[in-house]
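These are my notebook entries on one structure. I record what I looked up, entry by entry.

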Amino acid sequence: MSGYLFAVVMSVVTLLFVVHLLRRRQLREKYAGIWLVVSLAIIVLAAFPQLAIRLSDLVGVETPSNLLFASSLAVLLLVAIQLSTEISALEEETRTIAEQTAILGERLTRLEDAADGAPRPGDDEA
Amino acid sequence: MLPAWNEEIALPLVLAELRDAVPEIDVLVVSDGSTDRTVKVARQSGVRVLDLPINLGVGGAMRAGFKFALVNGYDSVVQCDADGQHDPRDIPRLVAAAEATEADVVIGARFAGAGAYEARGPRRWAMRLLSTVLSRLVGTRLTDTTSGFKLSGPRAVSLFAREYPAEYLGDTIESLVIAHRAGLTVRQLPVEMRPRAGGEPSHSPWRAGIFLGRAGLALAVALSRPAPRFATPDHLAPAS
Ligand SMILES: Nc1nc2c(ncn2[C@@H]2O[C@H](COP(=O)(O)OP(=O)(O)O)[C@@H](O)[C@H]2O)c(=O)[nH]1
Ligand SMILES: [Mg+2]
């Protein structure tokens, strides 16, 4: 029985932690959703172990814990893939911003040179 | 346009050579998050400089350069190594070749008769394989698909300003696939390769094996992508 209690406590802590991050804006809703669902699911399963047994009977898995392991692996895999695509999108955004910064920086240098009356890049120098 | 990453040693020589060989063209150095004096050295010799705040890789630097060309009204761009391996005196030949063949992209190619440059081991096999596949794809013989010496005409500039890949090897291989997909013509011109004028090459020989695998992957992915789009100046930074 203490094992169940431990599981419930852990998932409640996870849930509270996610909510805490959300409230401090350290986590955006679009990433929090999946973790909220997962921690709620664990709470429900920990509180009602019968549910896991019934569920595994339903899908034809012999040992309820294997069903849990398999589904948690699947969830983690999907989350990891999603995060990879988000990172790729971020890299593309960073790239665009770096380009823009460099182009603006060059323009600024040129304008400053022109304002100073200094020879402009491209003109011949002594 | 010279993509340069920590090239303070070779750059001054290359810029001086460019000024002698082709004084009529504007030179742009794209410093790619260089941690040495690349930017300073380039500014001192009076050329225009894009100073990228982070390292984007050759492809990333090139797309920045193409965007720059587009917003500043340049219609053709020649990409050239900042280490002195490409001879600036070949640039007029590239331009002439583009005019004569009406090609949108002209590659200055090694292994095409001129010069004595040799690659060895897996890197060589990879280059061979790439050349064969890409030659068949674009319908003309290409011997050096990973060359960093390339002319891009107006249509190529506006395409590349939007679509130039930042991936490893994407800047060479995938850009050719993209150009072909967009209906552009690719041709090559034999050029001679010289040794570096100074500084260190950015890749070491032992990474050559990895090169083979990544080159294959880059090609496969490039070929399976949907067709590219063109860019126009108003999609980009405020024009000057
Ligand atoms: N922008 C940019 N340029 C790079 C980077 N790495 C290398 N380069 C430049 O690409 C050119 C070719 O590099 P190099 O190391 O000589 O490669 P190789 O000529 O293929 O052997 C040189 O002008 C380098 O300065 C990078 O990360 N970013
Ligand atoms: Mg080189």
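**Entry 1. Asp32(B).** I began with the contacts of Asp32(B), setting aside residues up to four places away in sequence: it touches Ala4(B), Trp5(B), Leu52(B), Ile54(B), Asn55(B), Leu56(B), Gly57(B), Val58(B) and Ala61(B). Contact here means heavy atoms within 4.5 Å. Asp32(B) belongs to strand S2 (residues 28-32) of chain B. Helices (H or I, at least four residues) and strands (E, at least two) are DSSP runs, numbered from the N terminus. The terms are set by relative accessible area: buried is under 20%, exposed over 50%, and partly exposed in between (1.4 Å probe, protein chains only). I also looked up Pro53(B), 21 residues from Asp32(B) along the chain, and found their C-alpha atoms separated by 7.2 Å.

**Entry 2. Basis of the values.** I note that this is a predicted model, in which local features need pLDDT of at least 70 and side-chain atom pairs count only at pLDDT 80 or more, while totals for chains, interfaces and linings use all residues. Residues are numbered from 1 along each chain as its sequence is written, chains are lettered from A and ligands numbered from 1 in the order in which they are written, and side-chain values use heavy atoms, with hydrogens and water left out.

**Entry 3. Chain B overall.** I found 8 helices and 7 strands in chain B. Of its 240 residues, 52% are buried. Among the contacts in chain B with a separation of 6 or more, 78% are between residues 24 or more positions apart.

**Entry 4. Loop residues of chain B.** I looked up Asp90(B) in the loop between strand S4 (77-79) and helix H4 (91-101). Asp90(B) is buried, its relative accessible area being 9%. Apart from neighbours within four places in sequence, Asp90(B) is in contact with Phe149(B), Val191(B) and Glu192(B).

Thr143(B) lies in the loop between helix H5 (121-138) and strand S6 (150-152). With a relative accessible area of 11%, Thr143(B) is buried. What does the side chain of Thr143(B) reach? I found the backbone oxygen of Arg110(B), at 3.1 Å.

Asn6(B) is in the loop between strand S1 (2-4) and helix H1 (11-21) of chain B. I noted its positive phi of about 50 degrees, although Asn6(B) is not a glycine. Asn6(B) is partly exposed, with a relative accessible area of 29%.

**Entry 5. Loop residues of chain A.** Arg25(A) is placed in the loop between helix H1 (2-23) and H2 of chain A. Its phi is near 60 degrees, a positive value in a residue other than glycine. Arg25(A) is exposed, at a relative accessible area of 76%.

Phe48(A) is in the loop between H2 and helix H3 (49-59) of chain A. Phe48(A) counts as exposed, at 52% relative accessibility. The C-alpha atoms of Phe48(A) and Ser88(A) are separated by 40 Å, the two residues being 40 apart along the chain.

**Entry 6. Packing of H2(A) and H4(A).** Two packed helices are described by the angle between their axes and the distance between the axes. Helix H2 (residues 29-47) and helix H4 (residues 64-116) of chain A pack at an angle of about 170 degrees, with axes 11 Å apart. H2(A) is therefore roughly antiparallel to H4(A). Axes are lines fitted to C-alpha atoms, for helices over the stretch in contact, and angles run from 0 to 180 degrees between N-to-C directions; angles under 35 degrees count as roughly parallel, over 145 as roughly antiparallel, 65 to 115 as roughly perpendicular and the rest as oblique. Which residues make the contact? H2(A) supplies Lys30(A), Tyr31(A), Ile34(A), Trp35(A), Val38(A) and Leu45(A), and H4(A) supplies Leu68(A), Val75(A), Leu76(A), Val79(A), Gln82(A), Leu83(A) and Glu86(A).

Key
Polar contact = N/O pair within 3.5 Å; in protein donor to acceptor, adjacent residues only side chain to side chain.
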